[in-house]
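Take a look at the picture first, then read the points in order.

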Amino acid sequence: MADPTWKQYFENVGNKPNMLVEKALARVKLKRNALDLGSGNGRDSIYLNSQGFELVVAVDSSPDATMWLPPGIARKDKTIEDEVLGNVQVNFVGYYDLVISMNSLFFLTKRTAVEVISQMHKALTRGGVMAFNVLGYGDQWVADGKDVSAFDDHEIAAIEETYHAVYSSKVTEAGTTADGKPKIWQTYSLICIKQ
Ligand SMILES: C[S@@+](CC[C@H](N)C(=O)[O-])C[C@H]1O[C@@H](n2cnc3c(N)ncnc32)[C@H](O)[C@@H]1O
């Protein structure tokens with residue numbers, strides 16, 4: 001039986017893909033394998049599947065999240081950490097044309113998020129694209145002391161340089177959480193292409 005909060009979440013975020021994912025997809029040359037870390041209800045996995053990827057792998061630690069995924073998407077009910085940290089398999093390193101992690105890395109510790117970003121990059125084919133977002137220190141959850149990680153401008157600049165960012169934005173705006181509560185968001189969104 002699904003957790004009803006996921007039903008609510010599904011209804012709130014809907015099926016529209018993240019705009020950053022649409023932007024990243026425009027940079028992808030070959031649509032073979034895609035990896036979605038912290039896939040939630042799978043709105044981005046479903047979108048990527050519809051855009052012609054041969055394989056879309058959706059990873060989320062909540063089985064109630066991935067149960068919403070339709071057939072045709074490879075579900076992995078596991079943590080992002082278990083999927084990527086230390087993963088050196090042939091179907092991981094240099095395997096993915098697109099790796100995304102939307103609205104999920106901030107639930108990891110900062111150290112883990114940094115390691116995951118490094119692994120996301122390792123997982124890319126040459127010319128492959130990764131897209132993710134993280135919180136800034138101006139985010140309300142960070143200011144309120146919630147257990148989320150945050151980055152500053154200098155740290156983001158270092159990530160941009162290390163992973164060859166082709167798009168980077170910092171946005172501070174009033175919005176809502178996935179469960180519909182008002183919140184001030186401050187997010188950095190990045191798209192990087194593997195050289
Ligand atoms: C805010 S939702 C974002 C979902 C989706 N990417 C989106 O943008 O709609 C965050 C997701 O990350 C998942 N998550 C959080 N920490 C995780 C972890 N350590 N490993 C795997 N999934 C995690 C949650 O279960 C949840 O589905």
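How many helices and strands does the secondary structure of the chain come to?

1. The chain has eight helices and eight strands; helices (H or I, at least four residues) and strands (E, at least two) are DSSP runs, numbered from the N terminus. Please keep in mind that this is a predicted model, where local features need pLDDT of at least 70, side-chain atom pairs count only at pLDDT 80 or more, and totals for chains, interfaces and linings use all residues. Residues are numbered from 1 along each chain as its sequence is written.

2. Now the overall form. The chain has a radius of gyration of 16 Å, which agrees with the value near 16 Å for a compact globule of 195 residues (taken over C-alpha atoms; the globule rule is 2.2 Å times the number of residues to the power 0.38). Along its principal axes, the C-alpha trace spans about 45 × 40 × 30 Å. Of the 195 residues, 40% are buried, where buried means that 20 or more other C-beta atoms, placed from the backbone, lie within 10 Å of a residue's own.

3. Strand 1 has parallel partners (two strands pair if DSSP finds at least two bridges between them). With strand 2 (residues 55-59) there are five bridges, and Leu-35 has Val-57 as its bridge partner there. With strand 4 (residues 96-101) there are three bridges, and Asp-36 stands opposite Ile-100.

4. Helix 3 (residues 43-50) belongs with strand 1 and strand 2 in a right-handed β-α-β unit: with the strands pointing away from the viewer, the path from the first strand over the helix to the second runs clockwise. Helix 3 is largely enclosed by the rest of the structure, because seven of its eight residues are buried; Arg-43, Asp-44 and Tyr-47 are among them. After helix 3 comes Gly-52, with a positive phi near 100 degrees.

5. Finally, the ligand. Of the 19 residues around the ligand, Gly-38, Gly-40, Ser-61, Ser-62 and Thr-79 come nearest (a residue counts if its C-beta atom, placed from the backbone, lies within 6 Å). The shell divides into seven nonpolar, nine polar and three charged residues; Ala, Val, Leu, Ile, Met, Phe, Trp, Tyr, Cys and Pro count as nonpolar, Asp, Glu, Lys and Arg as charged, and the others, Gly among them, as polar.

Terms used: A residue is buried if 20 or more other C-beta atoms lie within 10 Å of its own, exposed if 12 or fewer, and partly exposed in between; C-beta atoms are placed from the backbone.
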